Amino acid sequence: MSRTDVTYVESVSPGNGRCAPRSAPASDAAAIGLDGEWRFNLAAGLHDLSEGFEAPGFDAGAWDAVAVPSIWQMHDLDGEAPYGTPQYVNIHYPFPVDPPRVPDANPTGEYRRTFTLPAEWPATGRTLLRFEGVDSAFAVWVNGILLGDGKGSRLPTEFDATEHLVPGENTVAVRVHQWSAGSYLEDQDTWRVSGIFRPVALVHRPENGIDDVFAHADYDHATGLGTLRVDAPVSARLTVPELGIDAATGETVTVPVEPWTAETPRLYEAVVATETERVSLRIGFRTVTIEDGVLKVNGKPILLRGVNRHEWDPDTGRTLTVETMRHDLELMKRHNVNAVRTSHYPPDRRFLDLCDELGVWVIDECDLETHGFYFYGWRNNPADDPQWREACLDRMARMVERDKNHASIIMWSLGNECHAGVNLEAMAAWAKQRDPDRLVHSESDYDSGYVDVYSRMYVPHDELELIGRREEESTVDPALDEHRRGLPFILCEYAHAMGNGPGGLADYQRVFERHERIAGGFIWEWIDQGIRRRTEDGREWFAYGGDFGETLHDGNFITDGLVFSDRTPSPGLVEYKKVIEPVRIAIDPEDRTIAVANGYDFADTGHLRFTWRMDDDGSLIAQGELELPVAQAGESVQVPWPDELSKAFETAGGERAVSVHAVLAGDSAWAQAGHEIAWGQAVLPCTAAPVAGPAASPVAVAGGYRLGGAEFDALGRLRVLDGIEVEGPQLDLWRAPVDNDRIAWGGTSTAERWRDRSAGLDRLEHKVLDIAAGDRSLKVTTRVGAAGAERAMHAEYEWTYRPESATLWLNVAVDPVGEWDFPLPRLGVRLAVPKAFDAATWFGGGPGEAYADSRAAARIGRYEASVAQMQTPYVLPQENGSRIDVRWARLASPDGAALRFSGAPHFAFTVRPWTTEDLAAATHPHELVERDRLSVNLDAALHGLGSASCGPGPLPEYRLQAGSTAFSLGFSTDRG
Ligand code: GAL
């Protein structure tokens, strides 16, 4: 290939001039990092390349300096965005589908730098240039000499530079193309971004050095023995001092060991040495098997409590620091996550080191997705086209060879959403012969002919139940069907964490735990892939698809994570933590016992400390330590209540709540002592009946009515309570649609039904039919419906005032008029109160928001928060912030005045500085402007969340069906 030969860009070949893939173990051989400042120029395409840019004498003095590694589209986005902006598309290719051709508008980065070969650099051996990740295709020159080219963005590539290096200063030049034939294999649902985005290094390979090692470290759970064999291309000496091992490479050694598991990530330091090189390895002994259709590690079934993780940072895109990788894993471990699918490509290698060290099960996924061919009947699908075979196999080999020594990896995944194909089959066969000790995964081929696990995405609960029982529908081919029915099952993606949600997690977990065939699942996805921006006045916001003016984009579908873009845990992650807690605590107030079921697969409960607390009407009255015998994995233990707890329980006079917490007894690598792992709570409603007392009579006054301290206008609407201006309450059925209401794949979304002209829940009008000021109450009868709609709600408000408690009670009776063949968003009342009342206290579920099908994490207690703190900043504003099971709530102003809402017995409580309409209209949180009133919703019920933005909607039991309903609420005030 000549200098100007750019045919590699559109060639299906994976590359030219590259070295064979290898694990590249940590070594004492010489190496220098080439990260740092490089000279950079962005050409518009192949027609615009800088002549001779690779030559040592080229004058790049006028070029910019950019950091390597980095993504070029992530530079200065709030300024000049000198290298273009990111584009987000999900399934569609971002260019015309004409494989292997790509557009002429093919931004091409030209990178140059010099480096000095250290004087002591060894004179013998070879020197390689190693790239950990370059998106999407590139060619490399050293001192003007072409070394080769490569593709496979998230995989390493090495070139041998030995012959072309000179003592002293050397020049390296790299040309990187945004689009290439390789882009047809990288149609993952993420930002399309480019550049040398992972580290670059110059590494020395000594003569008789250890280019590669393959550690086979099995564990026999029956004998407790580990078997170790380390293969290397040269003969070398293996030592594992802690195990007293000193053996030759290729030799098998069997010794007693502690096994590696995600719960107990025991690693042994090993050294493999020749006379010229020492490489170090960390060995974890574990055996992955399938027995009787059940996935096992070290002889035990495992349950994957997983997440799908894209590599993303809101400031640097796909370039992550080790600190960010560690932070991700620590956050996962603190939230009881025990597995990661590296969707949809092999991660930065350092992430896998951390997985070994901190302990998570990993499905390592190949950098392969061809989803965009779906729209064309999978015609020309590279996964099934022999001309792409080499490219596919090359990617698989580069992943397996790089990552084969990681104890954490239990499965190799062929890629994502490639449908089925001969090349996938070839990749599976290759992986199995190269590494028979791990399983092969692919979600793309539902017949599962060449994989070891049956894997699907977004399966609804009822179908999952059938799969659990091995009673799923048959595949077409009976032989394949038999094979598949014998496989373990995983949900490689489920519970789409987009916006408010996902709902239904606890229901999934119950199915997982019921069936040994199901080895668990992976939430889609770990992080909202938003991009941090700032308004001109410095306020932060996060961009999604379309925010860079992309002509083709998929909006906020890119922000669907359990952590927000800035890695703050979302309510969804807090819910997931509770749902997957590895220890279940059951408190029985009748028998006065506490039972702890150990749901770990391997660990006993010895690392946990248990505490109890007793609350009376939400106030702590006693607490203490709980002595519990250690429970082995899978075992349960039960103890009677400590005397002190029983005593406190008997003395309490109000609503009693007994809580038990399991916390880390000591520091771990990912959390400090005291970190909570699991909790249980038993709540005993107060049995004393409330004293009703006599009711006051309403009085008609000029322009309305008066009832105790309450003033109503001529239409019977509450306007003032004890001197505080209050507007409403009125029936409210509307919520700003959550993403799961809004998106329906191929059908009519729930939100479309709500907004339909025949429903109009977003624009309800209230018509007063009758006002009756009786002896004891004020009754206002209304019909609530939308312009154009015949369907309506009949709503009757009955107001009573109890002087004894100075409480105004409202009973709302709601009756649907006409057919309501869709669920209601919410059923309750909405009112507005002065903005100053922005300090909330409530007794009920908290501390975070909760909805019908996402409420496991809500515990009953007394909470305080400002109204601002009660807002959840979903990237696309939508319904949020509802606190459930609220007994009473109070909104106080700085001058000490307060409004109090009481339930009979409970309500859901939401308060915002803007209206539901504002929330529904905004496209980003920073667009929301506070009003001079707070909007308060007091709900009898809310529709569930489900996961319909990708997956099933709320289960029937969480759908809010219209029907005759009545609920009561109390209103009172505190003055100073
Ligand atoms: C899956 C896909 C993911 C993501 C998800 C929806 O089908 O594998 O990459 O697109 O849907 O967010």
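This is a predicted model: local features need pLDDT of at least 70, side-chain atom pairs count only at pLDDT 80 or more; totals for chains, interfaces and linings use all residues.
The predictor's confidence has a mean pLDDT of 97 over the protein chain, and 99% of the residues reach 70 or more. Confidence is highest in strand β28, at 99, and lowest in helix α6 (residues 478-485), at a mean of 93.

Now find β29, which covers residues 361-365. Is this strand mostly covered or mostly exposed? It's mostly covered, with five of its five residues buried. Look at how the side chains are arranged: W361, I363 and E365 point one way, while V362 and D364 point the other way.

Next, look at the neighbours of β29. One of them is β28, residues 339-341, which pairs with β29 in the parallel sense over three bridges. If you want a spot to check, A339 stands opposite W361 of β29. To get from β28 to β29, the chain crosses through helix α2 (residues 349-358), and this β-α-β crossover is right-handed.

The buried ones are R349, F351, L352, L354, C355, D356 and L358. Here's a handy rule for reading such a list: an α-helix has 3.6 residues a turn, so residues three or four places apart point the same way. Just after α2 comes G359, which takes a positive phi of about 95°.

Back at β29, there's another partner to meet. Strand β30 (residues 409-413) runs parallel to β29, and four bridges join the two. Here you can look for I363, whose bridge partner in β30 is M411. The chain crosses from β29 to β30 through helix α3 (residues 389-403), and this β-α-β crossover is right-handed too.

On the way from β29 to α3 the chain passes through a loop, and that's where you'll find Y374. Why does Y374 count as partly exposed? Its relative accessibility is 45%, and partly exposed covers the range between under 20% for buried and over 50% for exposed. Y374 also belongs to a nonpolar surface patch of about 350 Å², which it makes together with V97, F375 and Y376.

How values were computed
Residues are numbered from 1 along each chain as its sequence is written. Side-chain values use heavy atoms; hydrogens and water are left out. Buried means under 20% relative accessible area, exposed over 50%, partly exposed in between (1.4 Å probe, protein chains only). Two strands pair if DSSP finds at least two bridges between them. A crossover is right-handed if, with the strands pointing away from the viewer, the path from the first strand over the helix to the second runs clockwise. Patches are made of residues with over 30% relative accessible area and no salt bridge: like charges are joined within 9 Å, nonpolar side chains (Val, Leu, Ile, Met, Phe, Trp, Tyr) within 5 Å. Accessible areas come from the Shrake-Rupley method with a 1.4 Å probe; for residues, only the protein chains shown count as cover. A salt bridge is a side-chain nitrogen of Lys or Arg within 4 Å of a carboxyl oxygen of Asp or Glu. pLDDT is the predictor's confidence in each residue, from 0 to 100.
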